[in-house]
Amino acid sequence: MGKLKKGFIIFMLLSLVFVWGGCSNTKVNNANSNVPSTTKYPLTITDDLGNKVTIEKEPSKIVSVAPSSTETLFALGLGSKVVGRSEYDNYPAEAKSITVVGSFSGPNTELITKLAPELVFTVKGSIPDETKKLLESTGIKVITFNPANIDGVFLDIKMAGEICNVQAKAKELTDSMQTKREEITSKIKNVESKKVFIDLGKFYSAGEGSFIDSMLKELKVDNIADKTSGQWPQLTVEQIVNSDPEVYISLSSSFNELKAISGLSSTAAFKSGNVKVLEFGTADNDIVQRPGPRVIEGLEVYAKTIYPEAFK
Amino acid sequence: MKKLSNYNLIIIAVIFCFAAIILSTTIGIAGISFTNTMKILIGKMFNINLKLGDIKDSTIAIVWLIRFPRVILAFFVGGALAICGASYQGIFKNPMADPFILGVSSGAALGATIGIMTKLDFYVLGLNAISILAFIGAVVSLFIVYNVSKVGRKVPVTTLLLSGIAISQLLSALISLCMIFTNNNDFQSIIFWTMGSFNSKSWSQLIMVAPYVIIGFIIIYSSNREMDIMLLGEDTASQLGVDTEKLKLKILITTAFVTAAAVSVTGIIGFVGLIIPHIVRIITGPKHKVLLPYSFIVGGIFMIVCDTIARSIINQEIPVGIITALFGGPFFVFLLKRRAGGGI
């Protein structure tokens with residue numbers, strides 16, 4: 001074999017290795033993330049809790065027991081297949097007419113079974129284990145999502161797309177979300193990190209490992225609640241004043257309630273008027289916590305509130 | 001212990017309380033030096049300008065607006081719950097009695113629930129609507145229990161206890177019912193409210209609670225001899241000349257207002273009212289002249305210690321009720337064992 005030919009073969013082999021390596025999915029999951037195609041059934045996927053679920057055929061009836069999965073289903077154009085939702089699924093407007101099968105933490109198994117869906121989409125913490133087993137014994141498959149960050153949300157949307165055979169739409173959605181995400185992060189590329197406190201109510205906050213914390217980390221925010229252990233720590237007022245946040249975002253207490261707490265007014269946030277109240281029930285309050293298709297809009301709310309100077 | 005009614009000892013105990021308050025104010029997550037803390041306290045208390053300029057605003061706020069009033073409030077609430085517990089244990093002759101036995105805590109919680117759900121937003125004397133409704137709920141529930149237990153002109157003690165349990169359960173059920181119809185946000189608020197805590201409590205809460213506690217203490221203490229006689233039983237006390245109905249009414253109304261004041265501001269902190277009087281009684285004996293003041297002092301200091309732990313030991317706020325139970329329980333068992341067979 002001539003030297004050139006040998007080199008050429010080696011070159012081809014190496015390119016093959018690189019192309020193959022580049023195409024393989026190194027992330028946790030099942031979905032083949034670069035080539036959207038038609039789903040082949042029966043399909044076995046692993047949900048975010050590690051459960052293997054086999055979907056026999058393209059689902060025609062789905063119950064969604066979480067606001068984020070309801071939004072995802074509608075965003076993928078599958079609104080007509082959603083036959084049941086949980087009480088607080090308030091977006092989009094079309095979701096309001098769907099049968100309510102119970103609250104986020106207390107889904108009504110009778111109602112769900114009566115609707116005879118093939119699948120139930122839910123998030124971790126929503127359906128208790130016994131309820132899940134009960135539903136599965138009637139032939140209903142339960143798929144649990146638990147994204148830790150925005151990348152996890154993308155994987156979940158793609159998983160939903162694969163399960164329901166709308167992979168192209170899922171890719172379109174996540175691609176546009178990614179574009180918007182890069183727009184935001186590029187705008188804040190040169191800002192100085194700010195200290196922020198997120199008050200979920202009575203000074204409970206989003207600690208290390210929580211979804212909200214992952215969003216703040218993307219924005220280079222110094223979350224004063226992530227020095228503690230646990231995802232949902234309650235901070236003492238002393239800690240808050242000592243950490244001296246520059247921005248205070250309240251997702252529950254009103255401004256009057258906060259003003260009445262002695263000591264908070266000495267923080268940089270209160271002194272400079274950087275106290276933002278996202279009232280419970282408003283769209284802003286929803287999107288900053290929901291790991292669904294509007295999560296990038298939520299990221300934008302955080303970015304604009306914390307770094308207004310980057311969005312002038 | 002005969003020496004305990006000695007006034008000198010009481011004065012020493014009171015000085016000890018002041019020391020405990022000051023010392024606890026120097027402890028906290030924000031490491032503030034002892035000298036700085038003392039500077040701030042003395043400067044603010046006596047309005048002297050002790051070169052506070054080089055201390056950060058936030059440090060002054062932490063010591064004067066956050067820690068100091070919180071510690072004093074803990075003292076008053078701990079003491080209040082202890083003397084209410086001691087009073088109930090005396091007039092009911094029941095060692096299991098605590099300040100919440102007559103439905104006061106459920107009434108307060110129901111008031112708070114209504115306040116949270118209706119989202120009323122008024123402030124009276126620095127207290128928000130929820131606290132005021134909790135206060136009203138506590139007093140009204142005691143009123144109901146008292147009237148339900150009335151048999152003619154008398155209110156038998158056993159009937160009071162039983163009605164208290166019944167009304168308490170009924171109110172708790174009503175609260176649970178309300179919670180079903182609330183949204184997630186209110187649901188959480190109600191849960192947080194019932195878990196007792198001193199977090200974010202400051203001067204306005206202290207100023208509201210202190211008068212009730214002080215006046216309540218004076219009224220209860222004034223009946224200390226009659227409460228001693230009540231320990232012999234209602235009938236015997238009555239034969240010995242004690243107007244048992246009037247005494248019961250007086251104690252019930254006073255403790256109702258004192259407990260309501262405490263609970264409306266801090267939520268429900270269990271264990272202190274039940275256990276502290278027993279611990280004190282083992283040392284002082286059952287005479288109320290000694291039992292009441294020492295219960296107040298020990299209850300107050302115990303609460304300060306528990307709250308200081310709750311707010312400083314880890315990087316989060318621990319509900320103080322957990323600490324009171326964790327410490328009080330084993331300590332009480334230890335004391336019981338030491339007393340080798342001595343009953344309560």
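Predicted model: local features only at pLDDT ≥ 70, side-chain atom pairs only at ≥ 80, totals over all residues.
Where in chain A does A:D89 lie? A:D89 is found in the loop between β4 and α3 (109-115) of chain A.

Residues are numbered from 1 along each chain as its sequence is written, and chains are lettered from A and ligands numbered from 1 in the order in which they are written.

View 1. A:D89 is buried, with 24 other C-beta atoms within 10 Å. (A residue is buried if 20 or more other C-beta atoms lie within 10 Å of its own, exposed if 12 or fewer, and partly exposed in between; C-beta atoms are placed from the backbone.) Apart from neighbours within four places in sequence, A:D89 is in contact with A:S64, A:P67, A:T70 and A:A95. Here, contact means that the C-beta atoms of two residues, placed from the backbone, lie within 7 Å.

**View 2. The open sheet of chain A.** Four strands line up in the order β4-β3-β5-β6 (chain A), with parallel pairing. Helices (H or I, at least four residues) and strands (E, at least two) are DSSP runs, numbered from the N terminus, and two strands pair if DSSP finds at least two bridges between them. β4 (82-85) and β6 (141-145) of chain A stand at the edges with a single partner strand each, so one side of each has no neighbour in the sheet. From one strand to the next, the twist averages 20 degrees.

**View 3. Strand β3(A) and its partners.** With β5 (residues 119-123) of chain A, strand β3 (residues 62-65) of chain A pairs in the parallel sense over four bridges; here A:V63 stands opposite A:V120. With β4(A), the parallel pairing of β3(A) runs over three bridges, and A:I62 stands opposite A:V82. Both faces of β3(A) are covered: A:I62 and A:S64 are buried on one side, as are A:V63 and A:V65 on the other.

**View 4. Helices α4 and α11 of chain B.** Helix α4 (residues 104-118) and helix α11 (residues 244-266) of chain B pack at an angle of about 45 degrees, their axes 10 Å apart. Axes are lines fitted to C-alpha atoms, for helices over the stretch in contact, and angles run from 0 to 180 degrees between N-to-C directions. α4(B) and α11(B) are therefore oblique to each other. (Angles under 35 degrees count as roughly parallel, over 145 as roughly antiparallel, 65 to 115 as roughly perpendicular and the rest as oblique.) The contact is made by B:V104, B:S105 and B:A108 of α4(B) and B:A256, B:T259, B:A260, B:V263 and B:S264 of α11(B).

**View 5. Helices α5 and α6 of chain B.** Helix α5 (residues 129-148) and helix α6 (residues 157-180) of chain B pack at about 135 degrees, with axes 9 Å apart. That makes α5(B) oblique to α6(B). Among the residues making the contact are B:I144 of α5(B) and B:I167 of α6(B).

**View 6. Where chain B touches chain A.** Here 24 residues of chain B are in contact with 24 residues of chain A. On the chain B side, α3 (57-91) and α7 (184-194) each supply at least two residues, and α3(B) gives the most, with seven.
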